Amino acid sequence: MCCDDVECRPLGFLLGLPFAFLSLIISVVGVIIWIVGLLLSCICPCCLCVTVMVEIALELIKAPIHVMSWCTHQIPC
């Protein structure tokens, strides 16, 4: 039985696994963009678009965590 302070949503976790796998692939793309962006920012630190690209890449890297938390919160306990 679920309590209010404990999140026990195994069905949401299981349903979110395929989406988490897809977002894991997207996060790998984010890592590549992040590395390229860091190299470009070292070459030309005055370029604002590189900084924005690195910030977007960091959000892509965090995508699996956001997807799993969203899926678990959609299904009630």
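Helices (H or I, at least four residues) and strands (E, at least two) are taken here as DSSP runs, numbered from the N terminus. The model is predicted, so local features need pLDDT of at least 70 and side-chain atom pairs count only at pLDDT 80 or more, while totals for chains, interfaces and linings use all residues. Residues are numbered from 1 along each chain as its sequence is written, and side-chain values use heavy atoms, with hydrogens and water left out.

By this assignment the protein chain holds 3 helices and 0 strands, and its elements run α-α-α from the N terminus on. The predictor's confidence in each residue is given by pLDDT, from 0 to 100. The chain averages a pLDDT of 76, with 84% of the residues scoring at least 70. Helix H1 (residues 10-43) has the highest confidence, at 81, and H3 the lowest, at a mean of 78.

Burial was assigned from relative accessible area: buried means under 20%, exposed over 50%, and partly exposed in between (1.4 Å probe, protein chains only). Of the 77 residues in the protein chain, 21% are buried. The chain exposes about 5700 Å², and carbon and sulfur atoms supply 79% of that area; accessible areas come from the Shrake-Rupley method with a 1.4 Å probe, and for residues only the protein chains shown count as cover. Contact means heavy atoms within 4.5 Å. Among contacts in the chain with a separation of 6 or more, 77% are accounted for by residues 24 or more positions apart.

Ser 23 lies in helix H1 and is buried, with a relative accessible area of 5%. Leaving out residues up to four places away in sequence, Ser 23 touches Leu 60, Ala 63, Pro 64 and Val 67. Ser 27 also lies in helix H1 and is buried, at a relative accessible area of 7%. Val 36 and Val 50 are 14 residues apart in sequence, and their C-alpha atoms are 9.1 Å apart in space.

The expected span of a helix is 1.5 Å times one less than its number of residues. Val 50, Val 54 and Ala 57 are the buried residues of H2. They lie on the same side of H2, because they cover an arc of only 60° around the axis, the arc being that of the directions from the helix axis to the C-beta atoms. An α-helix has 3.6 residues a turn, so residues three or four places apart point the same way. The face of H2 turned away from its buried side carries the exposed residues Leu 48 and Cys 49.

Helix H3 (residues 63-74) has 12 residues and reaches 17 Å from its first C-alpha to its last, close to the 16 Å expected at 1.5 Å a residue. Buried in H3 are Ala 63, Pro 64, Met 68, Cys 71 and Thr 72. These residues are on the same side of H3, because they cover an arc of only 155° around the axis. Ile 65 and Trp 70 are exposed on the other side of H3.
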